[in-house]
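The report below describes selected packing and pairing features of the structure shown here.

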There are 2 protein chains.
Amino acid sequence: MATIADVAAAAGVSTSTVSYVLSGRRPISPATRARVEASIAELGYRPHAGARALAGRHTNVLALAAPLRSDINVPVIMQFVTSVVTAARSYDHDVLLLTNDEGSAGLERVAGSAMVDALIVMDIESDDARIPVLRRLRQPAVLIGLPNRPGGISCVDLDFAAAGYTAVAHLAEHGHRAVGLIGPPPAVYERGTSYATRFLAGFVDAVEEYGLASASHPSEPTFEGALACLNRIDDELPGVSALVVHNEAALSPLLGILRSSGRRVPEDVSVVAICPEDVALGLPIRMTSVDIPGHQLGALAVERVMSLLRGERGAETRLLAPSLAERDSCADAGTGPRAG
Amino acid sequence: MATIADVAAAAGVSTSTVSYVLSGRRPISPATRARVEASIAELGYRPHAGARALAGRHTNVLALAAPLRSDINVPVIMQFVTSVVTAARSYDHDVLLLTNDEGSAGLERVAGSAMVDALIVMDIESDDARIPVLRRLRQPAVLIGLPNRPGGISCVDLDFAAAGYTAVAHLAEHGHRAVGLIGPPPAVYERGTSYATRFLAGFVDAVEEYGLASASHPSEPTFEGALACLNRIDDELPGVSALVVHNEAALSPLLGILRSSGRRVPEDVSVVAICPEDVALGLPIRMTSVDIPGHQLGALAVERVMSLLRGERGAETRLLAPSLAERDSCADAGTGPRAG
DNA sequence: TTGAAAGCGCTACCAA
DNA sequence: TTGGTAGCGCTTTCAA
């Protein structure tokens, strides 16, 4: 492999000149620049990343800690990962992928060994054990999620409380008085995953504010899980006319269950989904939904990281307002036969 | 951050001794080792990755080029990514995630700048443009997939041709004489994605060998796509009694469509799915399926990489034999009413 | 069994 | 506008 010295020799300049044409950190005469660039191209020179990291004290690599359980929320996670990688590339950075299974150890490892310049951490729990370790690191971190006590670490997320509220409000304004929530899997709640609790809180707020009846249960991300969850809601809330589904994987099963039990959507049951837009559009019914803007959030997290890397401070946490798209899965209460 | 010199000083030894206790590349007396390890722990020392890469000529990082389109095959891709990261960690390696959108450029970049020791590339096309560039790299590469001409590069994949054959054979042996194939999205075929073509080839082989009638069409990964695809198959193949579905995202919609049009599975239509096991088990019907062993393939790819890194050569391509799990979505032809 | 020291390929400071 | 060069923190010879 060609080194900077080779390039310098070929161009008849010093290595520092080559370094400066590459970094643009000092003015270079057009003539010199041209010769250097020609040599670079000719030799197919690429700076050695390790040498750069050693001398320059940064790697142009970001760590992304993602929940790589293949069972849960797969499309949303994929969106985050995709958008983080894409956004990072647009800032000339690469992404080192960590699984959350490694927990704090992984973060400490890649930060401590200077493999990365900054970290983005997903799937934040309300009282996440990684936050204290993140604060101790030399590198800045951004959370996709919102813990109870961010402790000065930047957060980026959908405002899930507002999302829960919005979904219920929409239903209430359509005359529904009894609303069921099909939530994320039990494991998500048990881990204390922040978005689940926040969504539920917003849901409950709105239910109280509008004086509705409600029932909510977690659901395993399977057909049987969705069925069990729906049954429990039906038991507890006999007149239920609307469902909020905060569980992508339960969506398709749920629609199947409703149809085969003869409950039409939206005539007999209105359904609001909380999911990425493409999921909402890929179902048998175009779902009225509150979008989980995975792409936007990933990009936002990267932007925040970049500004921290530039040494800028600024608003610590940014919660995106939810937006509800009205489509075909909601109708006014009393539209169906059961309305009498 | 503590450096190796700090550790050496604290332990009263030379830096080379510290380096050797870390690498285990030469014998160290128990006493010295103990002192060094104590200093390491005390100082919280972590070797600087860049310095290591520069001096040691390897990074302990693998590149993984994955198709990060969020629209397609999401669960399988997730399985690959998850298992590659997990397996890599078990060999003390990290994973740098590349999107296939960057194409050859991304591979050349991370390899050329010595960011990675080896590359794993997914979503291989039959005549993949990245193969020639991979061959030129200093670092070894492993493909998850099978191009027409691997050119000496190691490949690891499910034997999709055998999978197609197996699915049809199973159906034929249950007496079905007219079999439809719901394939991957058109874009997958258009890109010349190798697994789609290979699967189709195996499907066709078996159809011919068993003297069956067949129809096959790609399907968009949506409800409407599945519906359109099924309609075309019904048109072309009026007596169709069995379906092979090589499209995860079409699976759930398809079952809904069949049910709501009054065709029972498996009594009226048998269905064989090609998908990961958890997908097959999360549907309303426990699907008879040919497993796509994403976890196994990812782990296998990493193992192959590691053996290449050790300088071993060996079998270049490894195709896993498909295994069909009989569950509840297939029955003998002539079971249903239409058998008359 | 251990130490000394020469690089590895850059960046950025100090000079010119 | 450019060059010289001292590190950056490690690994690995070469010696002892």
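Apart from neighbours within four places in sequence, A:A196 is in contact (heavy atoms within 4.5 Å) with A:P184, A:V188, A:Y189 and A:H246. A:A196 belongs to helix α10 of chain A; helices here are DSSP runs of H or I with at least four residues, strands are runs of E with at least two, and both are numbered from the N terminus. Its relative accessibility is 1%, so A:A196 counts as buried; buried means under 20% relative accessible area, exposed over 50%, and partly exposed in between, with a 1.4 Å probe and protein chains only.

The model is predicted: local features need pLDDT of at least 70, side-chain atom pairs count only at pLDDT 80 or more, and totals for chains, interfaces and linings use all residues. Residues are numbered from 1 along each chain as its sequence is written, chains are lettered from A and ligands numbered from 1 in the order in which they are written, and side-chain values use heavy atoms, with hydrogens and water left out.

**The six-stranded sheet of chain A**

Chain A has an open sheet of six strands in the order β7-β6-β8-β9-β10-β12, with mixed pairing. Two strands pair if DSSP finds at least two bridges between them. The edges are β7 (213–218) and β12 (324–325) of chain A, each with a single partner strand, so one side of each has no neighbour in the sheet. β7(A) pairs with strand β6 (residues 178–183) of chain A in the parallel sense over six bridges, and A:A178 stands opposite A:A213 in β7(A).

Helix α10 (residues 194–209) of chain A packs on this sheet, where it touches β6, β7, β8 (242–245) and β9 (270–275) of chain A. The direction of α10(A) makes about 175° with that of β6(A); axes are lines fitted to C-alpha atoms, for helices over the stretch in contact, and angles run from 0 to 180 degrees between N-to-C directions. Helix α12 (residues 248–260) of chain A lies across β6, β8 and β9 of chain A and runs at about 160° to β9(A).

**Two helix pairs**

Two packed helices are described by the angle between their axes and the distance between the axes.

| Helix pair | Angle | Axis distance |
|---|---|---|
| α4(A) and α4(B) | about 135° | 7 Å |
| α5(A) and α14(A) | roughly 40° | within 7 Å |

Angles under 35 degrees count as roughly parallel, over 145 as roughly antiparallel, 65 to 115 as roughly perpendicular and the rest as oblique. α4(A) and α4(B) are therefore oblique to each other, and their crossing is left-handed. A crossing is left-handed if the near helix is turned anticlockwise from the far one by less than a right angle, and right-handed if clockwise. A:G50, A:A51, A:A53 and A:L54 of α4(A) make the contact with B:G50, B:A51, B:A53 and B:L54 of α4(B).

α5(A) and α14(A) are likewise oblique, and α5(A) passes α14(A) in a right-handed crossing. From α5(A), the residues A:Q79, A:F80, A:S83, A:V84, A:A87 and A:A88 meet A:G294, A:H295, A:L297, A:G298, A:A299 and A:V302 of α14(A).

**Enclosed elements of chain B**

Seven of the 10 residues of helix α6 (residues 103–112) of chain B are buried, so α6(B) is largely enclosed by the rest of the structure. The elements that cover these residues include α5 (74–90) and β2 (94–99) of chain A, and β1 (61–66), β2 (94–99), β3 (118–122) and α7 (130–136) of chain B. After α6(B) comes B:A114, whose phi is positive, near 60°.

In β2(B), six of the six residues are buried, so this strand too is largely enclosed. B:D94, B:L96 and B:L98 lie on one side and B:V95, B:L97 and B:T99 on the other. β2(A) and β2(B) pair in the antiparallel sense over three bridges, with B:L97 as the bridge partner of A:V95. β1(B) and β2(B) run parallel and are joined by six bridges.
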